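Colleague: I have the sequence and the coordinates open. Can you walk me through what was computed?
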Amino acid sequence: MTYIEMITEAITAEGGRKGCSLPALKKYIQTEYKDLNFQPHLLRAALKNGVEKKTLIQNKGHFKVSKAAAPKKAATEKPAAKKPATKKPAAKKTTTAKKTTAKKPAAAKKPAAKKTAAKKPAATKE
């Protein structure tokens with residue numbers, strides 16, 4: 001398993017809204033893969049490559065799986081998680097009749113009469 005696969009697994013397992021920080025990634029990988037000879041420089045290189053290839057998004061020290069890379073991973077997991085579905089009879093839904101209220105026609109507004117200000121005669125100089 002490559003470091004980038006471990007990183008995406010760790011980020012999806014954490015499920016944080018901001019993503020996953022570098023110390024949290026290290027901790028997850030070290031606890032989940034105990035037989036792995038963990039080397040932090042390989043983790044940092046994988047993070048850097050993931051950001052360059054746009055499979056990961058970096059935001060203030062947190063890393064998230066990009067939306068372009070996420071559906072590809074989810075599509076491969078769905079068939080494996082498929083179980084034979086047992087159909088249960090659906091309960092009948094009771095619908096209430098919605099009352100339609102007739103809209104009142106808007107009263108025709110009369111145009112406001114324009115008020116014209118009486119002009120004062122201009123003062124003439126003598």
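Colleague: Where is Y28 found?
Modeller: Y28 is in helix α2; helices here are DSSP runs of H or I with at least four residues, strands are runs of E with at least two, and both are numbered from the N terminus. Bear in mind that this is a predicted model, where local features need pLDDT of at least 70, side-chain atom pairs count only at pLDDT 80 or more, and totals for chains, interfaces and linings use all residues. Residues are numbered from 1 along each chain as its sequence is written, and side-chain values use heavy atoms, with hydrogens and water left out.

Colleague: Is Y28 buried or exposed?
Modeller: Y28 counts as buried because its relative accessibility is 14%. Buried means under 20% relative accessible area, exposed means over 50%, and partly exposed is in between, with a 1.4 Å probe and protein chains only.

Colleague: What does Y28 touch?
Modeller: Leaving out residues up to four places away in sequence, Y28 touches E9, A10, A13 and E14; a contact is heavy atoms within 4.5 Å.

Colleague: How do the axes of α1 and α2 cross?
Modeller: The axes of α1 (residues 3–14) and α2 (residues 22–32) come within 10 Å and cross at roughly 105°. That makes α1 roughly perpendicular to α2. The axes are lines fitted to C-alpha atoms, for helices over the stretch in contact, and angles run from 0 to 180 degrees between N-to-C directions. Under 35 degrees counts as roughly parallel, over 145 as roughly antiparallel, 65 to 115 as roughly perpendicular and the rest as oblique.

Colleague: Which residues meet there?
Modeller: From α1 there are M6, I7, E9, A10, I11, A13 and E14, and from α2 there are L25, Y28 and I29. This contact of α1 with α2 divides into eight nonpolar, no polar and two charged residues. Ala, Val, Leu, Ile, Met, Phe, Trp, Tyr, Cys and Pro count as nonpolar, Asp, Glu, Lys and Arg as charged, and the others, Gly among them, as polar.

Colleague: Switching to α3. Which residues of α3 are buried?
Modeller: L43, A46, L47 and G50. They cover an arc of only 100° around the axis, so they sit on the same side of α3; the arc is that of the directions from the helix axis to the C-beta atoms. K48 and E52 are exposed on the other side of α3.

Colleague: What do the buried residues of α3 pack against?
Modeller: They pack against α1, α2, β2 (56–59) and β3 (62–65).

Colleague: What span should α3 have?
Modeller: At 1.5 Å a residue, the 13 residues of α3 (residues 40–52) should span 18 Å, and the end C-alpha atoms are 18 Å apart, which agrees. The expected span is 1.5 Å times one less than the number of residues.

Colleague: Which residue with positive phi follows α3?
Modeller: K54, with phi near 65°. K54 lies in the loop between α3 and β2 and counts as exposed because its relative accessibility is 64%.

Colleague: And where is K60?
Modeller: K60 is in the loop between β2 and β3. Its phi is near 50°, a positive value in a residue other than glycine. K60 is exposed, with a relative accessible area of 78%.
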